[in-house]
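Please read the points below alongside the sequence and the coordinates.

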Amino acid sequence: MESYDNVVKPWCSCILLSLLLLFVSSPSCSADPETHYHEFVVQATPVKRLCKTHNTITVNGQFPGPTLEVRNGDTLVIRVINRARYNVTIHWHGVRQLRTAWADGPEYVTQCPIQPGGSYTYRFTIQDQEGTLWWHAHSSWLRATVYGALIIYPRLGSSYPFTKPKRETPVLLGEWWDDNPIDVIRRATRTGAAPNVSDAYTINGQPGDLYNCSSQDTVIIPVDSGETNLLRVINAALNQELFLAIGNHQLTVVAADASYKKPFTTSVLMLGPGQTTDVLITANQPPGRYYIAARAYQSAQGAAFDNTTTTAILEYKSAPCPKKGLTLQPVFPSLPAYNDTTTATAFAAKFRSPSKVDIPTDIDENLFFTVGLGLFNCPPGFSQSRCQGPNGTRFTASMNNVSLVLPSSFSILQAYQQGVPGVYTTDFPPVPPVQFDYTGNVSRALWQPISGTKLYKLKYGSKVQLVLQDTSIVTAENHPIHIHGYDFYIIAEGFGNFNPQTDTAKFNLVDPPMRNTVAVPVNGWAVIRFVADNPGVWLMHCHLDVHITWGLAMAFLVENGEGELQSLQSPPADLPPC
Ligand code: C2O
């Protein structure tokens with residue numbers, strides 16, 4: 001597979017180094033962290049899918065982009081060169097970026113975008129994270145095609161908390177438009193309507209057997225009978241939560257969002273965009289071919305969605321050769337119905353930390369944010385063509401009734417660090433400005449949010465509890481909410497309106513799962529906790545890109561603590577100008 005060609009395997013360089021050193025000095029491979037240097041050239045590349053070639057924006061001409069492989073404790077230095085005709089930034093999704101917010105990537109939040117012809121070098125260290133993360137563009141809808149896996153192995157000398165698998169395979173779920181994704185979102189932004197849904201989902205960049213002109217390129221994942229493979233599943237789709245299952249095989253979940261989990265078995269996974277799930281699969285079935293299939297989990301009623309199914313094939317190397325002229329039809333898994341919220345909920349409820357964890361108590365900040373859609377009434381003088389949302393409106397979305405507008409001449413982090421006034425305010429409301437029956441029949445008067453660049457300020461070290469409450473405005477929906485720069489514990493989830501009197505009884509303060517993206521239940525809520533120990537400006541948003549475009553986002557401004565080790569580093573000299 002061309003996409004994984006320039007993978008840098010840390011153990012290879014280590015063996016090589018040992019061999020070299022054998023002749024020089026010490027024969028032992030040091031357990032010191034390494035620094036990995038990469039160059040990412042963002043460029044238009046012809047990519048043919050669904051019978052048609054597009055000038056797709058890629059990294060280094062690869063789709064999906066290069067897989068980065070590092071160890072816990074290693075440093076990455078990645079020079080991004082923009083040879084495309086769009087502004088671009090790269091985000092290292094899930095990397096804590098302790099004190100290095102400048103390398104986080106969301107455009108106009110931590111940096112101005114890299115303009116065509118420009119470059120910027122991201123430098124950051126992986127600190128106490130192991131498992132699967134990924135990287136993606138964080139500018140307009142470029143991440144539709146600009147994304148790749150970021151795999152973090154244990155430090156040298158330490159190992160997985162499970163039997164080492166024979167093989168490991170990244171499984172990147174993506175979403176493909178038979179169109180230029182940037183044009184798709186630009187059209188929607190102009191008209192105020194919902195953007196077109198995708199034409200295919202993909203596994204490692206390929207739609208698979210069930211689509212036109214695709215079967216000859218279906219991804220094959222080989223296995224040997226009896227062996228165990230670690231699949232690192234990443235939902236890189238732009239706008240869709242996805243179910244995934246494999247014909248006749250059970251999956252054992254061992255990690256998610258680069259932290260280990262108490263293992264559990266399941267026949268189906270559900271991942272929101274942004275989430276990763278590491279699963280062990282043992283080849284214990286009759287030698288043959290089995291479909292790996294993914295399709296939508298669609299919680300929003302009445303909304304258009306891509307209802308196609310992407311497939312790859314798990315192929316036993318000892319599978320009998322098909323007789324001439326016949327193909328050996330792979331075994332298809334059973335997938336939940338598109339709207340199977342029961343299965344999505346049961347799956348989420350299985351996640352636990354491997355053992356008792358240190359949950360923040362004595363909460364300093366008790367926050368309650370609504371998350372949901374909205375509609376802007378069309379301003380007078382606006383042409384009809386720009387009001388193509390429901391009943392002549394424009395689609396929008398908000399948290400606590402504020403629809404985020406990004407600045408355009410500064411990044412928020414630069415404005416903060418340089419004391420530039422007028423770029424943002426710090427009056428994001430800690431609770432909804434108006435209380436209402438969030439999941440009930442909401443009065444039309446409450447459907448229109450305000451626009452603003454409002455941040456919520458957190459003191460260094462403050463212990464935060466945040467209730468994320470879905471609303472039924474326009475339509476209720478499961479929203480994958482992601483926080484930059486942080487992992488958090490999900491201590492409870494439920495349906496309806498969160499009730500602070502009774503729902504605290506559901507809090508798991510023993511072994512709740514740690515994640516960087518929580519799929520907030522449709523018409524429900526999730527409660528998360530974290531300690532604000534990373535200074536900087538950190539975006540929190542719905543990872544359905546159509547919702548970020550509509551403003552379903554806010555940012556935390558976390559102040560410096562005491563001394564250098566609790567303070568944001570100074571900005572790199574090559575930080576792009578606006
Ligand atoms: Cu993976 Cu702000 O996102």
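Predicted model: local features only at pLDDT ≥ 70, side-chain atom pairs only at ≥ 80, totals over all residues.

A cavity is here a set of grid points where a 1.4 Å probe fits but cannot get out, and its volume is the space filled by probe spheres set on those points.

**Second largest cavity**
- The lining comprises His-91, Trp-92, Gly-94, Val-95, Asp-104, His-482, Ile-483, His-484, Gly-485, Tyr-486 and Asn-516, which by class amount to four nonpolar, six polar and one charged residues.
- Strand E5 (90-93) and strand E26 (479-483) each contribute at least two residues to this lining.

**Largest cavity**
- The space in the largest cavity comes to about 40 Å³.
- Around the largest cavity lie Asn-239, Gln-240, Glu-241, Tyr-297, Gln-298, Ser-299, Glu-477, Asn-478 and Leu-544, a lining with two nonpolar, five polar and two charged residues.

**Largest pocket**
- The largest pocket contains about 1100 Å³ of space, and of the 39 residues that line the pocket, Thr-189, Leu-406, Ile-548, Thr-549 and Trp-550 are the closest to its centre.
- Several elements each supply at least two lining residues, among them strand E7 (131-137), strand E21 (393-399), strand E31 (536-542) and helix H5 (545-549), while H2 gives the most, with five residues.
- Sorted by class, the pocket lining has 20 nonpolar, 14 polar and five charged residues.

Technical notes. Residues numbered from 1 in each chain as written. Heavy atoms only, no water. 1 Å grid on protein atoms, 1.4 Å probe; cavity = no way out; pocket = protein on both sides within 12 Å on 5 of 7 lines; lining within 4 Å. Nonpolar A, V, L, I, M, F, W, Y, C, P; charged D, E, K, R; others polar. Helix = DSSP H or I, 4+ residues; strand = E, 2+ residues; numbered from the N terminus.
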